[in-house]
Amino acid sequence: MFCKSFLRTTLVVGSGRLEMHAGTRRVVSSSPYLDSRRHSSSSTMLTGANKLKTMDELHGPSFMTSLYWLFGKGYFKITHQMQIEHSKIYGPLWKSKYGPLVIVNVASADLIEQVLRQEGRHPIRTDMPHWRGYRELRQQAYGPLTEMGAEWQRIRSILNPRMLKPKHVSTYTSSLNQVVTDFIQKLDWLRKTNGGGVMVHDLAGELYKFAFEGISTVLFETRMGCLNQHVPEETQRFIYSVGEMFRLSPIIVLFPKSVWPYLPFWKHFVAVWDHLFKVAQDLVEQKMAEIQEKLKLGEPVEGEYLTHLLVSEQMSVTEVLGSITELLLAGVDTTSNTISWSLYHLARDPHMQDRLYREVSGVCPGDKVPDSDDIARMPWLKAVVRETLRLYPVVPGNARITAENEIVVGDYIFPKNTLFHLCHYAVSYDERNFPQPLSFRPERWLRGGAEKQRQHPFSSVPFGFGIRACLGKRVAELEMYLVLSRLIKQFEVRPDPSGATVKPITRTVLVPATPINLQFLDRTNQQQDTGSQGPETVST
């Protein structure tokens, strides 16, 4: 199939060269700074004498071996670590079997680049059969995470502008800063009522509520009450339903679709999705009623994201509901988990934390609240977030299905519809990409640094790549920068006095395995205490 002809066309694609060989695609990376760091598996130039290997020749664990690793050796909750262990055994490219499902695992930056640069016009992550199955059952519309093909591209083209264009995203700053202010007040209340004046327990849980409030403010243009001292019961149930949906997802996909109706946890999965769509539908209908009332009174219709989608009429109401629900789910874990881990590490390194405090205070002195323009002048803040996303990628492994062409990756040729698992976690911990990979070192991301210049552009891609990259990237970044900068300006953060170490687990996304408990000391009070002590007296 490959060697029918040596006719080829060469196209320039980013930093690589895309070669077409009789319908087969192959990327040969040409990044100048990679030549000295080329992984041995990355690329063998095609010649008439060099025959590519087939997928059947690719090694990897059998179905029973995979089950043993997951359940016998206990890797089901730490599948991100299994990426690293399997790459040590099988190399940067291996095949895993889960019943009839065959997955090709990719664990080098070069090879990940080759896959992503050949993903085609309509990239497919996976067909997400469990999420799509619910929508088919309830006749709900697919959204940006579940739709595929040309219809997916149509939806993304409508959703993209107000999510990805900086001029639109910056307009969310004021609303998000109001949410940050409420969150700081909530932390202060938690310290005083349950933490002996300093301790905040289960910080990730509190940041989860903050992230829900933030993304709801952007998407639905309304507040959900997540930061109230007593969270409304309906909101609490909504948060619980999201957690259950993510918890059940990796379990359901282990079973054939034909048996789902007979599984007790499938019924629970459907029930939590029902609640998620019910809450979203209530909010959409509420916004539609507001718009209708303004039109009736002849008043101008003003609003942000949801208002724009409804007024533009580029999507049906059912499509708006499906898309807005999926965007809400995708917008929570990135902020909550990333900021939890950032604060966890900053609390353990006072020098890094002080550097961030001085940067934020220098750009925003006194009571000035940072905005999007101020954030642009805080490189250390961005480096802290970037390093956190390297150590704890929200999605430790992404997927791609090559639906349009055969592709060549490394020394292998893969047929259409091959499912690739991109092992981002393993690549982020590869010392060839990041010296001292276990260390939290934000300076590696500073522009102009020697290490930054040597980095492979695909060694850490927390928001994905190309037209299927994360739709909420810019909103999530803005939200993270605002909350982290203001928290560090307000509080000195110290570690849990118990000295507890927190590790991550995989729950579809990467989350803390145990609660992150930190001390928050109000800097204003500390400065007042220091000033009231007067000059020190030296005893003789």
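The following conversation works through some structural terms as they apply to this predicted model.

Student: Why is glutamate 387 called buried?

Tutor: Buried means under 20% relative accessible area, and glutamate 387 has a relative accessible area of 0%, so the term applies. Its salt-bridge partner, arginine 444, has a value of 1% and is therefore buried as well.

Student: What makes the contact between glutamate 387 and arginine 444 a salt bridge?

Tutor: The term requires a side-chain nitrogen of Lys or Arg within 4 Å of a carboxyl oxygen of Asp or Glu, and here the N to O distance is 3.1 Å. The pair links distant parts of the chain, with glutamate 387 in helix H17 and arginine 444 in the loop between helix H18 and helix H19, 57 residues apart. Both residues also belong to a network of salt bridges, together with Arg390, Arg441, Glu443 and Glu451.

Student: In the salt bridge between glutamate 319 and arginine 154, why is arginine 154 called partly exposed?

Tutor: Partly exposed covers the range between the buried limit of 20% and the exposed limit of 50%, and arginine 154, at 27% relative accessibility, therefore counts as partly exposed. Glutamate 319, at 17%, counts as buried because buried means under 20%. The side chains of these two residues meet at 2.5 Å, N to O, and they lie 165 residues apart, glutamate 319 in helix H13 and arginine 154 in helix H5.

Student: How do you know that lysine 257 and glutamate 136 tie together separate parts of the chain?

Tutor: Their side chains meet in a salt bridge of 3.1 Å, N to O. Lysine 257 lies in the loop between helix H10 and H11, whereas glutamate 136 lies in helix H4, so the pair ties together parts that are 121 residues apart in sequence. Lysine 257 is partly exposed at 46%, and glutamate 136 is partly exposed at 41%.

Student: Why are helices H11 and H12 called roughly perpendicular?

Tutor: Angles of 65 to 115 degrees count as roughly perpendicular, and H11 and H12 pack at an angle of about 70°, with their axes 10 Å apart. The two helices are therefore roughly perpendicular to each other, and their crossing is right-handed.

Methods: Residues numbered from 1 in each chain as written. Predicted model: local features only at pLDDT ≥ 70, side-chain atom pairs only at ≥ 80, totals over all residues. Heavy atoms only, no water. Axes fitted to C-alpha atoms, helices over the stretch in contact; angles between N-to-C directions. Helix = DSSP H or I, 4+ residues; strand = E, 2+ residues; numbered from the N terminus. Parallel < 35°, antiparallel > 145°, perpendicular 65-115°, else oblique. Left-handed = near helix turned anticlockwise from the far one by under 90°. Buried < 20%, exposed > 50% of the residue type's maximum accessible area, 1.4 Å probe, protein only.
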